[in-house]
Amino acid sequence: MTKKISLCMIVKNEDQTISRCLNSVFSVINEIIVVDTGSTDSTCDIARQYGAIIHHFPWNDNFSDARNASLELAQGDWILFLDADEELSPDSQETLLRLIENENIEGYFVKIMNHLGKEGWIEIVPDLVFRLFRNKEEYRFRGAIHEQIADVILEKNSKARYQVAEDLLIIHHGYLDKIIQEKDKKYRNLTLIEKELDLNPNNRLLQFHYGVELFRAERYAEAATVLIQSANDIDQNTIYFPKLLRYIVISQQSSGQLQEALTSAALGLKLFPNYADLYYYTGLILLELKHYSQARIAFLQALSMPEQPAQYASFGGIRGFRSYYYLAQIAESFLDEEEALKYYLYSLRDNAHFTHALESLVGILKPTKESAYTMECLEKVCDFCTPEANRLMGDIYYRHGAYGLALHYFDRTEAGFPVSPDLKLRKGICLIQERRYFEALRLLDGFTPGSSEYPIATVNKLFCFWIQDKSQKVRTLWKDLHALGLAHDTENVISLFLAYSEKTAPSPQMVLGPEGMLLLLDIVQRLVAMQEIKRAMYFLHALQPECLMEYNLKIAQIFEDYSEESRAIPFLQTVIEKNQSAEAHFQLAEIYTHLGRLTEAEQHYKHALQIDPDTPRYYIRLIDLYTVWRQDILQEALAKYPENNVFQKLAKEEASSHEQTD
């Protein structure tokens with residue numbers, strides 16, 4: 001006789017998700033029991049369309065009471081529990097029907113794939129949950145939140161057997177940032193667990209869930225304390241114990257307790273030596289401590305681990321793109337660009353949507369200086385056959401200030417993709433940067449008053465006319481922008497266009513906040529990219545020197561990115577005078593090396609090392625400088641004393657050394 005399945009749900013205001021849930025199981029279940037705890041939307045109407053039995057239950061801050069109300073109504077042989085923000089995977093329906101025919105099993109742990117994060121970057125984290133069990137009168141949930149029934153079944157039936165339903169999969173969307181914010185889940189869960197802990201202060205499972213909720217609320221030090229308390233004397237076979245250990249490690253790491261986190265990870269690996277996540281987080285902590293060689297070993301160990309058991313709830317990419325990414329970062333720390341590129345490519349091959357690797361890869365290739373080479377390299381290793389891929393690539397080049405390359409990919413995007421306003425705006429900006437003014441203005445004129453993009457489109461039209469010295473157009477557009485009621489800093493920056501057009505020399509008195517500086521530096525970058533250096537310096541000279549202090553490194557980098565290294569020198573010198581910055585010394589040394597001023601470069605590399613002796617690239621560059629210096633001196637000596645055996649011997653040793661290196 002075929003067994004029957006009752007789907008049991010508790011809901012409140014789920015009209016955006018409940019249809020997806022019910023569609024995923026409708027063909028394999030026999031009845032739907034929906035306990036509604038106070039919906040004010042169309043949730044119940046949608047459920048009725050699927051033939052659901054609706055039971056209205058006044059919410060009393062107790063999930064078990066609500067779930068048990070659904071069990072009271074269920075008539076099936078088996079209970080399947082789903083939340084409205086979950087769905088059964090399409091491949092799991094036949095598996096579900098097969099599992100309930102097993103006469104020897106009382107319930108199943110089911111793999112659930114939790115989708116975390118936000119639009120554009122979603123993480124998938126697996127876990128095990130107890131969601132399928134026999135319908136018996138004595139089996140009822142316990143606990144106000146993170147309610148449990150597996151333990152209750154064992155208490156009522158000591159011979160009950162459970163299995164992991166390997167091929168049954170639930171997909172959970174409820175941890176996406178947007179959903180969490182809309183439902184205020186973090187606050188709700190913390191409040192309910194705190195009430196429950198007042199009643200059951202020694203409940204280890206509640207302590208675990210409380211620690212996890214504290215972690216999600218970014219109360220990391222508190223989370224670590226609670227989680228450690230939960231782990232004391234716990235049975236190592238407890239199904240959530242591996243997750244508990246990982247949460248201890250990442251809570252300690254996030255609260256700055258780095259040595260404690262390393263100790264916890266090492267203890268966890270003694271118990272679970274194949275736990276990839278613990279190797280990975282060990283690597284992250286060691287990297288934060290600048291223990292690069294040990295960190296590299298840890299990431300390689302994470303990559304070498306076997307497939308992770310479901311109860312580990314291993315984060316996606318730990319044995320792949322994430323570890324490859326940090327191996328590339330370590331290689332970059334040692335200026336080993338070849339190895340860095342290799343690992344960034346491995347990362348992308350494992351996950352083509354992991355844009356951090358692509359961004360870093362583009363940065364190594366220096367698209368503002370070597371645009372053709374950059375495009376050629378990436379076209380060889382990446383597939384840009386879809387509009388989405390071309391848009392992504394265009395956006396990355398745009399962020400790097402490689403406007404010509406960005407325009408190329410934006411044009412390719414348009415071939416098979418609806419042109420969104422932000423794409424249209426970015427394309428207009430790139431056209432200005434390429435001095436294709438007529439085409440740019442035609443695009444920017446398409447933004448009408450009232451649209452959210454209109455102010456920034458108008459600013460760019462003004463910029464376009466200003467570059468062409470059309471002062472009357474600049475004044476007209478400035479009046480239009482002024483009438484919009486711009487923020488004070490924005491209006492100050494825009495007024496500089498007008499003053500320049502009217503040949504009014506600005507006094508260096510302007511003070512801007514962060515938003516104003518962001519706009520001004522964007523203008524400066526675009527002007528430097530167009531080789532409009534005089535105009536760029538005009539904007540910088542309009543600011544009080546104190547206002548520039550925290551941005552001098554950024555300004556220097558802008559000039560360096562567009563091969564204007566000599567312009568960067570004063571800004572770096574100002575940083576060094578006010579604050580002994582290792583990074584400023586290093587950037588200045590790099591410029592002096594490029595300009596052939598090796599004595600000055602040597603001094604700044606040394607200063608960088610004195611300030612920060614834990615950064616390997618400072619050593620490497622100083623070694624490179626001495627190597628070049630030695631070769632130059634040797635060649636000079638050979639030219640002066642060509643017959644001298646000492647210099648000839650040194651030259652042979654040098655040549656032999658090069659051959660061995662090659």
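A residue is called buried when its relative accessible area is under 20%, exposed when that area is over 50%, and partly exposed in between, with a 1.4 Å probe and protein chains only. The views below come from a predicted model, in which local features need pLDDT of at least 70 and side-chain atom pairs count only at pLDDT 80 or more, while totals for chains, interfaces and linings use all residues. Residues are numbered from 1 along each chain as its sequence is written, and side-chain values use heavy atoms, with hydrogens and water left out.

**View 1. Glutamine 207 is a buried residue of helix 8**. Helix 8 covers residues 204-216; helices (H or I, at least four residues) and strands (E, at least two) are DSSP runs, numbered from the N terminus. Glutamine 207 counts as buried because its relative accessibility is 4%. Apart from residues up to four places away in sequence, glutamine 207 is in contact (heavy atoms within 4.5 Å) with Leu197, Pro201, Asn202, Val226, Gln229 and Ser230.

**View 2. Helix 30 and the helices that cover its buried residues**. Helix 30, residues 582-594, has 13 residues and reaches 18 Å from its first C-alpha to its last, close to the 18 Å expected at 1.5 Å a residue, where the expected span is 1.5 Å times one less than the number of residues. Among its buried residues are His585, Phe586, Leu588 and Tyr592, and what covers the buried residues includes helix 28 (552-561), helix 29 (565-578), helix 31 (598-611) and helix 32 (616-640). Helix 30 is followed by glycine 596, whose phi is positive, near 80°.

View 3. Isoleucine 611 is partly exposed because its relative accessible area is 37%. Isoleucine 611 and histidine 585 lie 26 residues apart in sequence, and their C-alpha atoms are 9.5 Å apart in space.

**View 4. Strand 2 and strand 3 pair in the parallel sense**. Strand 2 (residues 31-36) and strand 3 (residues 53-56) are joined over four bridges, and two strands count as paired if DSSP finds at least two bridges between them. Valine 35 has histidine 55, in strand 3, as its bridge partner.
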